[in-house]
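Student: Please give me a close look at one part of this structure, and describe its surroundings in one connected account.

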Amino acid sequence: MFRQRTLGNTIRATGVGLHSGEKVYLTLRPAPDDSGIVFRRVDLDPIVEIPAHALQVSDTQMATRLGQHPATVSTVEHFLSAVSALGIDNLVVDVNRPELPIMDGSASPFIFLMQSAGLREQTSPKKFIRILKPIEVRHPDKFARLQPFDGYRITFDIEYDHPSIPKDKQSTSVDISTTGFIREVSRARTYGFMRDIEFLRKNDLAKGGSTDNAIVLGEDGIMNEGGLRYTDEFVKHKVLDAVGDLCLAGYHIIGEMVAKKSGHGLNNELVRAMLEQADAWRIETFDSSESCPVRFDQPSLDF
């Protein structure tokens, strides 16, 4: 039987919230079978639990936010992309602020954190959502679609007119396995334009943002001293975000997401549309990890 997975040990981290600029304490704890991913606002009295599920999404402006005011937790997508890629099914996430730490703007620090804690196999079967027929949400200039595929793949197009984002680096297609995600996607950072900074700050956003945790684009180029981590880092980060947002379906997905210019809002619309179309998917389990078309390996910490 291909079994569910949680952490082997409790582990803690500290960072800064991208939008709030506040110091955030994060504690990750193993969780029982079939409990899913649950965030806990431990700074509230009583402590409030917020399930990681698409129907719990309350806002998608610049990040994915779960819960209802005042019990919310935001900027969950990078963390959840790491959870999904590692094949973790059950986890308790204690946080003392309404936003997860941004770390370096990618999923890589969260991958390292959870790999350091170790992964433990549980007793119940791992459940998957297999896409049986296409589900699509579309806006005038953008769309997102889930379609049948015997594996887990994300094909994504972005569209920018900027000298640092070449046209031939605005499309990608990635098979999302643990190893593939870590190598090809996990280090892709969030990004923003200098021209938008004043607007964001006036709207209480990006207070903790800097070149330490985001790619910052000026009019003529990238302002980060180290340059890019991938030649197509911008579209790879959109794939990273999508993996995190699709994690909110509740189970790992077997299928392909095809998207153009999609963001957190459209990603959430897609998952909600899928959940509403009961004939478009089914729950599957597998007798072994070898018989599953999605690979969840346990790579070393050296990545």
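Tutor: The account below takes the pocket as its subject and then follows the elements around it.

The model is predicted, so local features are described only at pLDDT of at least 70 and side-chain atom pairs only at pLDDT 80 or more, whereas totals for chains, interfaces and linings use all residues. Residues are numbered from 1 along each chain as its sequence is written, and side-chain values use heavy atoms, with hydrogens and water left out.

The largest pocket holds about 760 Å³ of space. A pocket here is an open set of points on a 1 Å grid where a 1.4 Å probe fits, with protein on both sides within 12 Å along at least five of seven lines, and its lining residues have an atom within 4 Å of a point. The volume is that filled by probe spheres set on the points, which are joined across faces, edges and corners. The lining comprises 32 residues, and those closest to the centre are M62, T190, Y191, G192 and L200.

Which elements supply at least two residues each to the lining? They are α1, β16 (191-193), α4 (194-202), β17 (215-217), α5 and α6 (264-276). Helices (H or I, at least four residues) and strands (E, at least two) are DSSP runs numbered from the N terminus. Helix α4 contributes the most to the lining, with 6 residues.

Buried means under 20% relative accessible area, exposed over 50%, and partly exposed in between, with a 1.4 Å probe and protein chains only. The end C-alpha atoms of α5 are 20 Å apart, which agrees with the 20 Å that its 14 residues should span at 1.5 Å a residue. That expectation is 1.5 Å times one less than the number of residues. Helix α6, with 13 residues, reaches 18 Å from its first C-alpha to its last, close to the 18 Å expected. Its buried residues include H264, L266, N267 and L270.

D59 belongs to strand β6 (residues 57-59) and is partly exposed, with a relative accessible area of 27%. Leaving aside residues up to four places away in sequence, D59 touches T64 and R65, where contact means heavy atoms within 4.5 Å.

Strand β6 is part of an open sheet of 3 strands in the order β6-β7-β8, with antiparallel pairing. Two strands pair if DSSP finds at least two bridges between them. The edge strands, β6 and β8, each pair on one side only. Strand β7 (residues 65-68) is joined to β8 by 4 bridges; L66 has V73 as its bridge partner in β8, and G67 stands opposite T72. The hairpin from β7 to β8 passes through 2 residues. Both faces of β8 (residues 71-74) are covered, with A71 and V73 buried on one side and T72 and S74 buried on the other.

The remaining helix to consider is α1, whose 9 residues are buried, 9 of the 9, so α1 is largely enclosed by the rest of the structure. Among the buried residues are E77, H78 and F79. After α1 comes G87, which has a positive phi, near 70°.
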